[in-house]
Amino acid sequence: MGSIYLIRHGQASFGADDYDVLSEIGIRQAEILGRHFSQLGLGFDRCLSGELRRQQHTAQATLAQIGSAGLPAPEIEIEPAFNEFDADAVIRALLPHLLEEEPQALEVLRNPGQNRNEFQRLFARLIGCWLNGEHDESLTSWASFVGTVRDGLERLLARANPRQNIAVFTSGGTITALLHLITGIPARQAFEMNWQIVNTSLNRLKFRGSEVTLASFNSYTHLELLKTPELITYR
């Protein structure tokens, strides 16, 4: 069987004007991951990334460490299907309804870095509405997002050879959609797992032809072994 390693990007710039930039910790996480792969003697036959900068930068920093160890570190293939869903669009579309019950929500969402716990609570409420389809057609639906991710996985598998090791650098929402597709877990339960996905954690899929199974979820041993709590982040 072959293996697909779904890798969440390193810590991004949560609360900054541009979220789609790795923080210093995010860069360090990616480099640590690359050294971890090197210590395992694990290189890759293919590497894919979404279009987002935080995804590609994580891939570049990880592969640099693998390549410096003399292991296979292929060129990055860009696959838009592995982008994250548009969280900002979800917030903009659903916030007006939320404000009727949560009038403080606008201030919290404008300053997420200063209100992390409250931001997470409100964001989870908005995601619940999105999953339920409580929005107009101008917003990409959860079902449509899942369909896009499914198409990307099918394209990957169509070009994969048996026993290949393939790295996919992506985001938490995309990993959640794949969990939903592969295991059949309901979307709401999948998102409860989403909130636990650590930056640069590994999620391993095993495949044979078009058949795919989940082998491991949210492994971040490479960070735990360093016994440095600030390396374990969730955004």
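## A buried asparagine

Let's start with asparagine 218: with a relative accessible area of 12%, this residue is buried (buried means under 20% relative accessible area, exposed over 50%, and partly exposed in between, using a 1.4 Å probe and protein chains only). Asparagine 218 sits in strand E6, residues 211-219 (helices, H or I with at least four residues, and strands, E with at least two, are DSSP runs numbered from the N terminus). Its phi is positive, about 55°, although asparagine 218 is not a glycine. Most residues other than glycine have a negative phi.

A quick word on the model: it is predicted, so local features need pLDDT of at least 70 and side-chain atom pairs count only at pLDDT 80 or more, while totals for chains, interfaces and linings use all residues. Residues are numbered from 1 along each chain as its sequence is written, and side-chain values use heavy atoms, with hydrogens and water left out.

## Another positive phi

Threonine 200 is also a residue other than glycine with a positive phi, near 65°. You'll find threonine 200 in the loop between H8 and strand E5 (202-208). Is threonine 200 buried or exposed? It counts as buried, because its relative accessibility is 0%.

Serine 23 belongs to the loop between strand E1 (2-8) and H1. At 16% relative accessibility, serine 23 counts as buried. Setting aside neighbours within four places in sequence, serine 23 is in contact with Gln11, Ala12 and Ser13 (contact means heavy atoms within 4.5 Å).

## How H1 and H2 pack

Helix H1 (residues 24-40) packs against helix H2 (residues 53-68) at an angle of about 35°, and their axes are 7 Å apart. Here, axes are lines fitted to C-alpha atoms, for helices over the stretch in contact, and angles run from 0 to 180 degrees between N-to-C directions.

Which residues in H1 meet H2? On the H1 side they are Ile27, Ala30, Glu31, Leu33, Gly34, Arg35, Phe37 and Ser38, and on the H2 side His57, Thr58, Ala61, Thr62, Gln65 and Ile66. The residues of this contact divide into six nonpolar, six polar and two charged.

## A look along H2

H2 has 16 residues and reaches 22 Å from its first C-alpha to its last, close to the 22 Å expected at 1.5 Å a residue (the expected span is 1.5 Å times one less than the number of residues). Its buried residues are Arg54, Gln55, Thr58, Ala59, Ala61, Thr62, Leu63 and Ile66. What covers them includes E1, H1, strand E2 (46-49), E3 and strand E4 (165-170). Just after H2 comes glycine 70, with a positive phi of about 80°.

## H5 and what follows

H5 also has 16 residues, and its end C-alpha atoms are 22 Å apart, which agrees with the 22 Å it should span at 1.5 Å a residue. Phe119, Leu122, Phe123, Leu126, Ile127, Gly128, Trp130 and Leu131 are buried in H5. Their cover includes helix H3 (87-101), helix H4 (105-110), H6 and helix H8 (187-194).

After H5 comes glycine 133, whose phi is positive, near 75°. Histidine 135 is in the loop between helix H5 (116-131) and helix H6 (142-159). Not counting residues up to four places away in sequence, histidine 135 touches Leu94, Cys129, Trp130, Thr140 and Ser141. From histidine 135 to phenylalanine 217 it is 82 residues in sequence and 31 Å in space, C-alpha to C-alpha.

## Aromatic rings

Rings of Phe, Tyr and Trp (its six-membered ring) pair if their centres lie within 6.5 Å; planes under 30 degrees apart count as stacked, over 60 as edge-to-face and the rest as tilted. By this rule the count comes to 13 aromatic pairs. Phenylalanine 85 and phenylalanine 191 have ring centres 6.2 Å apart and planes at 70°, so they are edge-to-face. This pair links distant parts of the chain, 106 residues apart: phenylalanine 85 is in the loop between strand E3 (76-78) and H3, and phenylalanine 191 is in helix H8. Both phenylalanine 85 and phenylalanine 191 are buried.

Tryptophan 130 and tryptophan 142 are edge-to-face because their planes are at 80°, with ring centres 5.7 Å apart. Tryptophan 130 lies in helix H5 and tryptophan 142 in helix H6, twelve residues apart. Ring pairs join Phe85, Phe119, Phe123, Trp130, Trp142, Phe145, Phe191 and Trp195 into a cluster.

Note on methods: Nonpolar A, V, L, I, M, F, W, Y, C, P; charged D, E, K, R; others polar.
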